[in-house]
Amino acid sequence: MPTTAPSVAGALPTSRDEVVRRAKELRPILAEAGPSIDAAGSDPTDNMRLLGEAGLHALNVPAALGGLWDGPSFGGWRHTIETLAEISAGDGSTGQCWLSGALVAREIFDAPELPSETREQLADEVLHRGRRFVASNAETGGNGRVVGRKVPGGIVVDGTKTFNTNSGGGGQDITSVSFALLGDDEQLESSTRHHALIRLDNPALTLHHDWDNMGQRGTYSQTIDYREVFVPDGWHFPAHAADPYFFCAAMLLHAGLLQGIGEGAYDAAIAYLQKLNRPSMPKFGTATNDPLMHRQLGEMSSELAASRALMLTVAEQLESPARDAEPAEMAIRGFRAKVASTRAGLEVSSRIHDLTGARSTSNTYRLDRFWRNARTFGSHDSIDAKNAFIGAFDLAGALPAIPEYIRI
């Protein structure tokens with residue numbers, strides 16, 4: 001598969017700590033683009049370019065291929081989650097795009113069926129050309145399953161995916177589309193999902209540009225049609241069995257995004273208050289002398305600090321090769337982290353106008369985007385279900401049947 005994207009300048013980070021440091025430095029820069037991304041519902045192209053130039057994708061490329069990922073499936077996960085939170089604090093849509101690419105990268109580079117030359121090429125593209133990966137999995141609301149058929153030299157993929165986050169960059173970016181493989185009799189060859197890696201500028205793809213949601217407007221999670229797309233051998237692979245700790249890892253990704261959105265809302269409120277310096281009541285003179293504002297800010301700050309601490313603690317426990325808990329226990333810890341960060345993100349993003357006042361509702365600031373972003377992603381799957389898992393586990397020591405609560 002040819003590549004045409006220009007090389008990304010800059011030296012790659014040499015440690016995971018350096019990745020987090022670079023993400024922290026980018027946080028205020030990413031935030032500057034947040035209002036315009038939200039207003040236009042446009043792809044965060046410049047933000048994603050900055051992430052590529054900073055080498056943040058190295059966290060999800062194996063060390064053997066020039067990246068910083070080593071150890072088990074979720075090695076270095078604490079740094080990945082912390083980086084995600086910093087990016088998302090800058091801009092929620094940028095965070096979700098990076099999250100999607102990170103998860104797909106881990107899946108691709110962990111696939112032993114892909115030939116070494118494919119993995120090496122993809123690693124080079126991610127690390128040095130800022131290539132982005134798209135998770136093309138959802139078929140809800142579509143017209144049936146996406147299927148693949150074997151043909152000489154490869155497979156042909158056909159169908160529609162209705163949710164494709166991180167696809168707004170187009171060009172040579174790559175979608176990892178999941179599909180059901182059919183045999184010669186047009187019946188499922190096996191129950192195993194398969195994946196095909198396809199460039200977004202392939203003329204057999206139709207990108208609908210139909211993403212127009214209340215929040216996370218820059219994720220560009222559009223519909224994509226795959227119409228008899230030929231994928232050569234070496235660029236498709238069967239999905240391997242999910243890591244038993246996957247639920248914990250996925251919930252931490254959700255937590256990192258919501259955590260970041262909440263922190264971004266808090267940052268924006270602080271900046272607004274510092275600039276206007278207007279108190280809640282005339283008797284206090286200024287915001288800096290207003291104890292009612294101080295109390296509310298302190299409360300929100302503590303909520304965010306507590307949820308961040310839980311999230312990073314669980315992420316560090318997950319990445320330990322020794323693994324100090326069974327998968328069910330780690331899933332519960334991941335659920336708790338998601339509940340805590342989701343509630344903190346929603347709470348802070350919904351309360352900031354109590355502090356900033358009516359003037360701050362101007363579309364010049366678009367401070368409402370934080371709540372819309374948090375509410376949109378927070379609706380992804382039920383917090384009630386997470387709490388039901390936690391309560392059932394604490395009461396009976398076992399998880400309920402997850403497919404009864406979560407569509408997977």
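Tyrosine 220 lies in the loop between β6 and β7, and its phi is positive, about 50°, although the residue is not a glycine. The model is predicted. Histidine 209 is found in the loop between β6 (205–207) and β7 (222–232), also with a positive phi of about 50° despite not being a glycine. Most residues other than glycine have a negative phi.

- Histidine 209 has a relative accessible area of 52%, and because the cut-off for exposed is over 50%, histidine 209 counts as exposed.

**Helix α4**
- Helix α4 covers residues 92–109, and at 1.5 Å a residue its 18 residues should span 26 Å.
- Of the 18 residues in α4, 16 are buried, so the helix is mostly covered, buried here being under 20% relative accessible area.
- The N-terminal end of α4 is capped by aspartate 91, which places a side-chain oxygen 3.4 Å from the backbone nitrogen of serine 93.

**Pairing of strand β2**
- Strand β2 (residues 147–151) runs antiparallel to strand β3 (residues 154–164), and five bridges join them.
- Within this pairing, glycine 148 stands opposite valine 157 in β3.
- β2 and β3 form a hairpin with two residues between them.
- Glycine 153 sits in the turn of that hairpin and has a positive phi of about 85°.
- With strand β4 (residues 174–182), β2 pairs in the parallel sense over three bridges.
- The bridge partner of valine 147 in β4 is alanine 180.

**Cysteines**
- The structure holds zero disulfides.
- Cysteine 97 is buried, with a relative accessible area of 0%.
- Cysteine 248 also counts as buried, at 1% relative accessibility.

**Salt bridges**
- The count of salt bridges comes to 32.
- One of them joins the side chains of glutamate 86 and arginine 27, with an N to O distance of 3.0 Å.
- Glutamate 86 lies in helix α3 (residues 77–90) and arginine 27 in helix α1 (residues 16–40), so this pair ties together parts that are 59 residues apart in sequence.
- Both glutamate 86 and arginine 27 are buried.
- Glutamate 82 forms a salt bridge with arginine 78, the closest N and O atoms being 2.8 Å apart.
- Glutamate 82 and arginine 78 both lie in helix α3, four residues apart, or about one turn of the helix.
- Glutamate 82 counts as buried at 11% relative accessibility, and arginine 78 does so at 18%.
- A salt bridge also links arginine 132 with aspartate 173, the closest N and O atoms being 4.0 Å apart.
- Arginine 132 lies in the loop between α5 (116–129) and β1 (133–136), and aspartate 173 in the loop between β3 and β4, so the pair ties together parts that are 41 residues apart in sequence.
- Arginine 132 is buried, with a relative accessible area of 6%, and aspartate 173 is buried at 7%.
- Lys24, Arg27, Arg78, Glu82, Glu86, Glu263, Asp267, Arg308 and Glu316 are linked in a network of salt bridges.

Note on methods:
Residues are numbered from 1 along each chain as its sequence is written. This is a predicted model: local features need pLDDT of at least 70, side-chain atom pairs count only at pLDDT 80 or more; totals for chains, interfaces and linings use all residues. Side-chain values use heavy atoms; hydrogens and water are left out. Buried means under 20% relative accessible area, exposed over 50%, partly exposed in between (1.4 Å probe, protein chains only). The expected span of a helix is 1.5 Å times one less than its number of residues. A polar contact is a pair of N or O atoms within 3.5 Å; within protein, one must be able to donate a hydrogen and the other to accept it, and residues adjacent in sequence count only if both atoms are side-chain atoms. Two strands pair if DSSP finds at least two bridges between them. A disulfide is a pair of cysteine sulfur atoms within 2.5 Å.
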